[in-house]
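Please have a look at the model before reading the points.

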Amino acid sequence: MQDNDAGRMSQLLCDLKQANPQLLQSEKLAAIGQLAAGVAHEINNPIGYVFSNLKTLAEYVNDLLRIIDATDQVDSLKELQALKQSLDYDYIRDDAKALIAESEEGIERVKSLITALKDFSHIEEDDFVFVDLHQGLDTTLNLANNELKYKAEVIKEYAILPPIECLPSQIKQVALNLLTNASQAIKGNGVITLRTGHEGERVWFEVSDTGCGIPPEHRDRLFEPFFTTKPIGEGTGLGLALSFSIVQKHGGQIDIHSQVGQGSTFRVWLPVKQPHSIEQAQGVP
């Protein structure tokens, strides 16, 4: 009987191991879906006021056309001036400039969000490339803004970094997971600090929050698949497991410092160059 139980347990562990890649991929897709919902909300705001501005500008254009058409019909300059005054021409001129500037800003916001989401969504890339880590972090912050802005002030403390060799969208996935966890750890309002640094042949980025902190008995299990301290329905327990897997794949590590009631810091260490690039530079076949 015990042999049967051991056999079933062994088979269960084997099945879980085989399912792990699919589960992690599902976590990636869930993150993309969550981002899409947040980005849709972020896009809706500028689109809303751009649409409203266009309606107002259409009314202004009609009034300006009336003034232009009147130049062929009025008998004196005074009549034209009276028409301009009745249509409040000075206000139209100033407000039209402001509406156009505001609309341009809104369209740029939409453009940057779409570009960031497109950049983030390449989750199946296989080639390591040299990239600007700060640009990737800023892209992730841009996308996560809807999640963060109601919970925390975000402070950036960036050091001077060399380009690093990585799978960019996967590192952004790690940053997104850490930023989302930091936001969820904060009850009410707090501060999230995103820092970077460079030591020797490694760079690091870290996410610090002023949230609830992590109890000591939970820290050794944070990267276990399915382990979560969040209420049912609020977490799958795969986000940190996926992050750990990605960082390991890059030859890096994740350090954790946390105090209950004061907050947590997750620091991700990454090599500037991957081992295969170092070997090629040294002429190793």
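The numbered points below go from the whole chain to particular residues.

1. **What you are looking at.** This is a predicted model, in which local features need pLDDT of at least 70, side-chain atom pairs count only at pLDDT 80 or more, and totals for chains, interfaces and linings use all residues. Residues are numbered from 1 along each chain as its sequence is written, and side-chain values use heavy atoms, with hydrogens and water left out.

2. **The chain as a whole.** You will find eight helices and seven strands here (DSSP runs numbered from the N terminus: helices are H or I with at least four residues, strands are E with at least two). Of the 285 residues in the chain, 38% are buried, meaning under 20% relative accessible area with a 1.4 Å probe, protein chains only. Among contacts (heavy atoms within 4.5 Å) with a separation of 6 or more, 75% are between residues 24 or more positions apart.

3. **The aromatic pair.** Which rings pair up, and how are their planes set? There is one aromatic pair in the structure. The ring centres of Trp204 and Trp269 are 6.4 Å apart and their planes are at 55 degrees, so the pair counts as tilted. For reference, rings of Phe, Tyr and Trp (its six-membered ring) pair if their centres lie within 6.5 Å; planes under 30 degrees apart are stacked, over 60 edge-to-face, and the rest tilted. Because Trp204 belongs to strand β5 (residues 202-209) and Trp269 to strand β7 (residues 263-271), the pair ties together parts 65 residues apart in sequence. Both Trp204 and Trp269 are buried.

4. **Charges over rings.** Elsewhere, Lys84 lies over the face of Tyr89, at 4.5 Å from the ring centre. The test asks for NZ of Lys or CZ of Arg within 6 Å of the ring centre and within 35 degrees of the ring normal.

5. **Two packed helices.** Helix α4 (residues 133-148) packs with helix α5 (residues 168-185) at an angle of about 40 degrees, their axes being 9 Å apart. Axes are lines fitted to C-alpha atoms over the stretch in contact, and angles run from 0 to 180 degrees between N-to-C directions. The contact includes Leu137 and Leu141 of α4 and Leu176 and Leu179 of α5.

6. His134 lies in helix α4. With a relative accessible area of 13%, His134 is buried. Not counting residues up to four places away in sequence, His134 touches Tyr158, Ala159, Leu161 and Thr196.

Key. Buried < 20%, exposed > 50% of the residue type's maximum accessible area, 1.4 Å probe, protein only.
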